Amino acid sequence: MTAAAFPDLRLRRTRRTGWSRAMVRETHLSPANLIWPLFVCDGTGVEEPVASLPGVSRWSVDHIVDRARDAAAAGIPCVALFPYTQAGRRSEDGAEALNSDNLMCRAVAAIKQTLGDDIGVLTDVALDPYTSHGQDGLIDDSGYVLNDETVAVLVGQALNQARAGADIIAPSDMMDGRIGAIRQALEAEGFGHVQIMSYAAKYASAFYGPFRDAVGSRGLLKGDKKTYQMDPANAEEALREVAQDLAEGADSVMVKPGLPYLDIVRAVKEVFAVPVYAYQVSGEYAMIEAAAAAGAGDRDALVLETLLAFRRAGASGVLSYHALHAARLLGA
């Protein structure tokens with residue numbers, strides 16, 4: 001630290017003009033730091049607004065391709081896909097996750113056939129969009145989520161998505177050992193080039209409600225997810241989770257949710273020096289939209305400031321439902 005004292009040291013000097021502030025700016029945000037989550041639904045020419053996520057919709061596969069094209073044009077390098085599975089295709093064992101013609105696989109294939117390597121496609125690996133009980137894995141008679149039996153299904157789900165053309169497999173289920181099992185399976189099947197972005201520190205958060213509306217699992221969920229998602233009180237445990245997933249072959253890791261867990265983002269980056277991503281989840285998005293609608297803050301400023309906070313904490317990138325809007329603001 002400098003030993004100079006006021007008035008020799010005036011920290012406001014470099015803040016006087018815009019060009020000077022730009023020269024000394026420590027953290028930078030660009031569209032390349034964003035990933036845009038998108039929800040896929042059945043049909044053709046379909047847009048279904050999500051009531052609890054103002055400005056967010058579910059899109060049929062043809063429109064998902066259009067949204068991916070929008071993202072690429074705005075400089076966003078990757079989209080993340082989540083399916084809205086119809087009730088008739090949900091089951092206790094989540095078998096639809098293994099259907100090579102399911103919504104996720106059709107959407108991945110359509111984007112890659114149209115845009116190729118102009119944009120990356122990240123796919124969610126977990127069973128909650130496919131189970132009739134809304135849990136991320138298989139359950140026993142008491143409702144407890146079974147670890148090893150679930151991992152076996154997740155491996156099949158990951159391979160299914162890789163065959164469809166997924167660039168990044170993102171397991172969000174929080175089962176122990178699933179990264180190593182998926183990595184081994186991808187290598188064995190000739191998908192050594194496919195990345196794994198592990199939801200390594202995913203907390204049992206109250207901020208997920210609107211997302212469950214978007215994928216249709218809120219009314220189905222029996223119980224909670226506290227036996228596999230992390231306790232919000234724990235930080236050191238997050239580092240153990242990250243260490244395990246990196247040792248098993250994860251290329252990058254994710255912290256979820258975002259703003260309430262910036263300390264975890266910072267700790268992961270400082271300890272491991274690997275690409276770490278944050279998910280600005282549905283509840284965070286909804287709060288910004290509510291604040292803007294109530295006149296409590298400027299929407300554009302709130303969006304950019306929160307995204308910059310992730311970068312300042314050490315995030316390589318952010319998954320955000322505001323991604324397209326932010327990218328267009330940054331490119332203006």
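The entries below begin with the conventions and then go from helix pairs to single residues.

**Entry 1. Conventions.** I worked on a predicted model, in which local features need pLDDT of at least 70 and side-chain atom pairs count only at pLDDT 80 or more, while totals for chains, interfaces and linings use all residues. Residues are numbered from 1 along each chain as its sequence is written, and side-chain values use heavy atoms, with hydrogens and water left out. Helices (H or I, at least four residues) and strands (E, at least two) are DSSP runs, numbered from the N terminus.

**Entry 2. Helices H7 and H8.** Two packed helices are described by the angle between their axes and the distance between the axes. I looked up helix H7 (residues 236-247) and helix H8 (residues 262-272), whose axes come within 10 Å and cross at roughly 50 degrees. Axes are lines fitted to C-alpha atoms, for helices over the stretch in contact, and angles run from 0 to 180 degrees between N-to-C directions. H7 and H8 are therefore oblique to each other; angles under 35 degrees count as roughly parallel, over 145 as roughly antiparallel, 65 to 115 as roughly perpendicular and the rest as oblique. The crossing of H7 and H8 is right-handed. A crossing is right-handed if the near helix is turned clockwise from the far one by less than a right angle, and left-handed if anticlockwise.

I then listed the residues that meet, where contact means heavy atoms within 4.5 Å. H7 brings Ala238, Leu239, Val242, Ala243 and Leu246, and H8 brings Ile264, Ala267, Val268, Val271 and Phe272. By class, this contact of H7 with H8 has 10 nonpolar, no polar and no charged residues. Ala, Val, Leu, Ile, Met, Phe, Trp, Tyr, Cys and Pro count as nonpolar, Asp, Glu, Lys and Arg as charged, and the others, Gly among them, as polar.

**Entry 3. Helices H4 and H5.** I looked up helix H4 (residues 147-164) next, which packs with H5 at an angle of about 45 degrees, their axes 9 Å apart. H4 and H5 are therefore oblique to each other. H4 passes H5 in a right-handed crossing. On the H4 side I noted Val151, Leu154, Val155, Ala158, Leu159 and Ala162, which meet Arg178, Ala181, Ile182, Ala185 and Leu186 in H5. The residues of this contact of H4 with H5 divide into 10 nonpolar, no polar and one charged.

**Entry 4. Helix H9.** Helix H9 (residues 282-293) has 12 residues and reaches 16 Å from its first C-alpha to its last, close to the 16 Å expected at 1.5 Å a residue. The expected span is 1.5 Å times one less than the number of residues. Among the buried residues of H9 are Tyr285, Ala286, Ile288 and Glu289; buried means under 20% relative accessible area, exposed over 50%, partly exposed in between (1.4 Å probe, protein chains only). The buried residues of H9 pack against helix H6 (209-215), E9 and helix H10 (299-313). Just after H9, Gly295 takes a positive phi of about 75 degrees.

Entry 5. Is Ser198 buried or exposed? Ser198, found in strand E7 (residues 195-202), is buried, with a relative accessible area of 0%. Gly317 lies in strand E10 (residues 317-320) and is buried, with a relative accessible area of 0%. The C-alpha atoms of Gly317 and Ile35, 282 residues apart along the chain, are separated by 7.2 Å. Leaving aside neighbours within four places in sequence, Gly317 is in contact with Asn33, Val276, Tyr277 and Ala278.

**Entry 6. Backbone angles in loops.** Met174 has a positive phi of about 70 degrees although it is not a glycine. Met174 lies in the loop between strand E6 (168-171) and helix H5 (178-188) and is buried, with a relative accessible area of 4%. For Ala273, phi is near 50 degrees. Ala273 is exposed, with a relative accessible area of 62%.

I also looked up two cis peptide bonds. One joins Phe6 and Pro7, with omega about 10 degrees. The other runs from Lys256 to Pro257, with omega near 0 degrees.
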